[in-house]
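Student: I'm new to this one. Can we go through what the labels mean and how you decide on them?

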Amino acid sequence: METHVQRLVDKTWEKFSDCDLSQRLLIAIAGIPGSGKTTLAASVAHGLNKAHRRSRHTQFPNSPESDTSCPDIAFVVPLDGYHLTRKQLSEMPDAEEAIFRRGAAFTFDARGYLELVTQVREPITPETPTIYAPSFDHAVKDPVANDISIPPTARVVIFEGLYTALDAGGWRDAYELMDQVWFVETDVETATRRVAKRNFAAGIADTFERSLERTRASDMRNARDILGSRLPVQEVVPSVEDETWRSEEIVRVDGQLQDQQDEEEEEAKLEELKRQKMMRMDSIAALAADGVGM
């Protein structure tokens, strides 16, 4: 995956280098649940900020190449902050369905997202203020208003989320304001297991099997909508499993699942040994009944 990241960093840096001081480069990263959008966005932003510091060091050799006082130019805005609140979902006509389907396009504030993108798209001037976007607090399971800052020094803004390339009202309008749109591609079964592990780690389901059921019924239903209504993109990025990208939660869940599998295999072996022993005993009893060996 690192090869894809570096290629995208280089491509984006080249495009950014052509921008004048009033322009921002806007990139949207879309993909189905579990495809790796968040990690890709963070990795590309990190690479761009490193490239910016190297460029500054080239211009000003006395400045350190890893100068942390140099403001970042690349920022990531996740779509998660535009989830409707639990209160808003509970007030919908079919509240039970809305709460279960949380993560579907209709459970997001597409209009609010479009307003943010429109603001960020405006040319940078000496009067340009810091723009604020909402984040999502997974502990309270609701958005946090004005929690992500996009300062005037932000020159590359990466929006990542399920519906940034969706052919539907609001989403389509924001899509048209982007300079680049990328789609992270992965097969549905791989994505299903990734999301199920993530949900299990978050305590959304009490067993991995139930997490798989929920993921297939909700998240992958959203995935089908995303795949069926995707607008054209400039890059299709293959999602590649990379050990360095696995979160601590997923590593822990994988460990639990491996331990569970090992226990089940050990129990199966013991049951098979018990079955074979019983068969031998039955055979001996049958021979004894026939008088064999007497």
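This is a predicted model: local features need pLDDT of at least 70, side-chain atom pairs count only at pLDDT 80 or more; totals for chains, interfaces and linings use all residues.

Student: What makes the meeting of E97 and R221 a salt bridge?

Tutor: Their N-to-O distance is 3.6 Å, and the limit is within 4 Å, so the pair qualifies. E97 lies in helix α4 and R221 in helix α8, so the pair ties together parts that are 124 residues apart in sequence.

Student: Why is E97 called partly exposed?

Tutor: Buried means under 20% relative accessible area and exposed means over 50%. E97 has 30%, which falls in between, so it is partly exposed. R221, at 36%, gets that label too.

Student: How do you know whether E235 is buried or exposed?

Tutor: Its relative accessibility is 11%. Buried means under 20%, so E235 counts as buried.

Student: Which residue forms a salt bridge with E235?

Tutor: That's R7, with the closest N and O atoms 2.9 Å apart. R7 sits in helix α1 and E235 in strand β7, so they link parts that are 228 residues apart in sequence. R7 itself is partly exposed, at 38%.

Student: What makes R172 and D167 a salt bridge?

Tutor: Their side chains come to 2.6 Å, N to O, and within 4 Å is what counts, so they pass.

Student: How many salt bridges are there by this rule?

Tutor: The count comes to 11.

Conventions. Residues are numbered from 1 along each chain as its sequence is written. Side-chain values use heavy atoms; hydrogens and water are left out. Helices (H or I, at least four residues) and strands (E, at least two) are DSSP runs, numbered from the N terminus. Buried means under 20% relative accessible area, exposed over 50%, partly exposed in between (1.4 Å probe, protein chains only).
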